[in-house]
Amino acid sequence: MKKEYSSVAEVLLVELSKMGIEYVFLVPGAQISPLVFKLYNEGLLKIPKPIIANHELAAGFMALGYARASGNMGVAISIGGPGAAYMIGAGITAKTDDVPILFITGNIPPQNFGVGEFQDASAYGTNDSLIFKESIGTSMVCNQAEDLKNIITEIKKCNEKLKSIHVQIPVSVQKEFFPLKIKKSAIGYKKPNLSKFHIVHKIRTILLVGQRALNTIEPSVLKKFVEKNLIGVVTDMKSRGVLSESENASLGYIGFNNDLRALKVFDCRSPIAAEQIISVGISKDLINLYLNAEVVEIIKIEPCEINSFFETYTSSQDIIDQRKYWLNELNKLGGLKASRTNFKNKVSYVDLIRTLNDVMPKSTIYCLDSGQIRRAGSIFLTSYLPRTLLHSDTLSPMGLGICSSIGAQLAKPDRHVVCLF
């Protein structure tokens, strides 16, 4: 007999696998037992592999590291009530750092809401959904199997927008039967507007790359484009390495511990400041913080349009020659360089990071925890590839470095991962 129905837990996990999510991070408990059972008894189904944490906050931080290193959504699962409360720290970090995390929490059966049952996470108890909504912006409750279609659609939208989402599923609903087929929806695609690429070429031109473009820019294609046109590249913190920072055209980053060259590029009072910024994947807040639209021309390219832009944009040799001189002047400013120290019988952060830069492969992923090691690491580590420098540049919670390194290693099992804490 053809199987037409499956449980809510099974359908949700299958859909996450279809999104390319290979691992989920969790602390098991009675309220999520149907989900846990499916994770360990998947049979012929392709579903994510479970990774057990010893604390719900650790599960959230592991999911964050996995998301940052993989470029896909991270998933953290726990019971409601205390488990959900422990994950809030990871949720707030994910929100402020624009990292898409799906937080799934359980609850008691809906018919038992408000009657004093143990660990009631509904509006009559700890009200987990309201807490997550206030913390990360989006929370949905799956009180019946039919709710799952809209929830899965919203999960995919949040992933595309680099937003986190919380979903509460009572234990009884996880076991409910549900139609297995879910219609595919095209989310986040925009047809390129090629007319905007007829840009007046200017000498002092910068390509400003942000996190939202990481999944659409191929570093080798960007490198060829930069070499062909000699355009300088500045990134935000999370897209560092999309162009190797060892390249002459790499002018550093803006954000936590700004690179001096990047600041000079955006300083409208400077005679060598950029006169044209081509922005892709950068948040409006960051643009408003560093750029004066009345002084510098800002051209916004959507991430889905960037490859068409690379193919269309070609500068004249005269402009390229003048850009070469301009880039050389900017690079004379230099960034902060790590130099050896003379502390007797001690190892400084600078010594440690200098050694790491010397001996570790360029593909190494570094996960930084809070405190001075994050400041030193963000300044002195060189990013040769994207998604290789992972830390929170907004909150920097303690414990993030160790847990996120576990998620990063699972996302990139062929890479070396170093945690600095």
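Predicted model: local features only at pLDDT ≥ 70, side-chain atom pairs only at ≥ 80, totals over all residues.

Modeller: Residues are numbered from 1 along each chain as its sequence is written, and side-chain values use heavy atoms, with hydrogens and water left out.

Colleague: In what order do the 5 strands of the open sheet stand?

Modeller: Strands are DSSP runs of E with at least two residues, and helices are runs of H or I with at least four, both numbered from the N terminus; two strands pair if DSSP finds at least two bridges between them. The pairing in this open sheet is parallel, and the order is β11-β10-β9-β12-β13.

Colleague: Why is one side of β11 and of β13 left without a neighbour in the sheet?

Modeller: β11 (250-254) and β13 (297-301) each have a single partner strand, so one side of each remains without a neighbour, because both stand at the edges.

Colleague: Which residue of β10 is the bridge partner of Leu 207?

Modeller: Strand β9 (residues 205-209) runs parallel to β10 (residues 232-236), and 4 bridges join the two. Within β10, the partner of Leu 207 is Val 233.

Colleague: What angle does helix α12 make with β11?

Modeller: Helix α12 (residues 317-333) packs on the sheet and touches β9, β10 and β11, where contact means heavy atoms within 4.5 Å. Angles run from 0 to 180 degrees between N-to-C directions, with axes fitted to C-alpha atoms, for helices over the stretch in contact. Between α12 and β11 the angle is about 55 degrees.

Colleague: How many residues of helix α14 are buried?

Modeller: Buried means under 20% relative accessible area, with a 1.4 Å probe and protein chains only. The buried residues of α14 (residues 372-380) include Ile 373, Arg 374 and Phe 380, and those buried residues pack against β11, α13 (349-359), β14 (365-368), β15 (389-390) and β16 (417-420). The helix is mostly covered, the buried count among its 9 residues being 7.

Colleague: How much space lies in the largest cavity?

Modeller: A cavity is a set of points on a 1 Å grid over the protein atoms alone where a 1.4 Å probe fits but cannot get out, and lining residues have an atom within 4 Å of a point. The volume is the space filled by probe spheres set on the points, which are joined across faces, edges and corners. Of the 13 lining residues, Ala 67, Arg 68, Gly 71, Gln 211 and Arg 387 lie nearest the centre of the largest cavity, and its space comes to about 120 Å³.

Technical notes
1 Å grid on protein atoms, 1.4 Å probe; cavity = no way out; pocket = protein on both sides within 12 Å on 5 of 7 lines; lining within 4 Å. Buried < 20%, exposed > 50% of the residue type's maximum accessible area, 1.4 Å probe, protein only.
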